[in-house]
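Below is a short report on one protein model.

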Amino acid sequence: MFARQQRILVVDDEPDCLFLLENMLTRAGYLVDKALGGDAALRKLGKERYDLVVVDSAPVLASSDALMLASWADATLIVVAHGRTERTALADALDLLLTAKATVIGVVIDKAASRGGSRAS
């Protein structure tokens with residue numbers, strides 16, 4: 001008997017990000033569905049069941065929607081821009097997430113220089 005492939009819904013408002021994540025996850029053996037924005041995601045979630053839903057939301061300090069999503073999620077990753085996100089902003093965002101009862105599992109540092117000196121984007 002074969003194991004069932006896991007179904008993943010990827011939600012983002014940037015088509016290029018959706019394409020990249022779909023490509024990576026499909027190559028890793030997952031069945032991937034994508035939604036361009038929250039409204040499309042809600043329509044899909046009303047019709048289909050997924051093993052995992054990955055959502056790229058607005059910054060916590062810029063949108064109350066991000067806090068609502070985080071409070072519903074099983075896990076939340078905070079993404080910060082290297083050299084641009086101030087420590088106080090990160091601390092404020094973390095406080096808001098914890099107050100919203102979000103399960104914060106880590107921090108991703110984006111746009112950091114690689115060992116070769118070029119910046120990842």
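## Strand E1 and its cover

Strand E1 is mostly covered, with 5 of its 6 residues buried (buried means under 20% relative accessible area, exposed over 50%, and partly exposed in between, with a 1.4 Å probe and protein chains only). E1 comprises residues 7–12. Strands here are DSSP runs of E with at least two residues, helices are runs of H or I with at least four, and both are numbered from the N terminus.

The model is predicted: local features need pLDDT of at least 70, side-chain atom pairs count only at pLDDT 80 or more, and totals for chains, interfaces and linings use all residues. Residues are numbered from 1 along each chain as its sequence is written, and side-chain values use heavy atoms, with hydrogens and water left out.

## The three-stranded sheet

E1 belongs to an open sheet of 3 strands in the order E2-E1-E3, with parallel pairing (two strands pair if DSSP finds at least two bridges between them). The edge strands, each pairing on one side only, are E2 (31–36) and E3 (52–55). Neighbouring strands of this sheet are turned by 20° against each other on average, direction ignored. Such angles run from 0 to 180 degrees between N-to-C directions, and the axes are lines fitted to C-alpha atoms, for helices over the stretch in contact.

E1 and E2 pair in the parallel sense over 6 bridges. Ile 8 has Val 32 as its bridge partner in E2, and Asp 12 stands opposite Leu 36 in that strand. On the E3 side, 4 bridges join E1 to its parallel neighbour, and Val 11 has Val 55 as its bridge partner there. In a regular strand the side chains alternate between the two faces of the sheet.

## Helices around the sheet

E1, H1 and E2 make a right-handed β-α-β unit. Right-handed means that, with the strands pointing away from the viewer, the path from the first strand over the helix to the second runs clockwise. Helix H1 covers residues 15–27, and its 13 residues should span 18 Å at 1.5 Å a residue; the end C-alpha atoms are 18 Å apart, which agrees. The expected span is 1.5 Å times one less than the number of residues. After H1 comes Gly 29, whose phi is positive, near 100°.

Helix H2 (residues 38–47) lies across E1, E2 and E3 and runs at about 135° to E2.

## Asp 12

Which strand holds Asp 12? Asp 12 lies in strand E1. Asp 12 counts as buried because its relative accessibility is 3%. A polar atom of its side chain lies 3.1 Å from the backbone nitrogen of Glu 14. 

Not counting residues up to four places away in sequence, Asp 12 touches Cys 17, Leu 18, Ala 35, Leu 36, Gly 37 and Asp 56 (contact means heavy atoms within 4.5 Å).

## Strands E4 and E5

E4 and E5 (residues 104–110) pair in the parallel sense over 6 bridges. Val 79 stands opposite Val 108 in E5. From E4 the chain crosses through helix H4 (residues 87–99) to E5, and this β-α-β crossover is right-handed.

Val 80 has its place in E4, which covers residues 76–81. Is Val 80 buried or exposed? Val 80 is buried, because its relative accessible area is 10%. Beyond four places in sequence, Val 80 touches Thr 85, Leu 90, Val 107, Val 108, Ile 109 and Asp 110. The C-alpha atoms of Val 80 and Lys 34 are separated by 24 Å, the two residues being 46 apart along the chain.

Lys 101 is found in the loop between H4 and E5. Its phi is near 70°, a positive value in a residue other than glycine. Lys 101 is exposed, with a relative accessible area of 68%.

## The chain as a whole

The protein chain has 4 helices and 5 strands. Read along the sequence, they follow the pattern β-α-β-α-β-α-β-α-β. Buried residues make up 21% of the 121 residues.

The C-alpha atoms fill a box of roughly 50 × 40 × 30 Å, taken along the principal axes. Among contacts between residues at least 6 apart in sequence, 64% join residues at least 24 apart.

Key: Polar contact = N/O pair within 3.5 Å; in protein donor to acceptor, adjacent residues only side chain to side chain.
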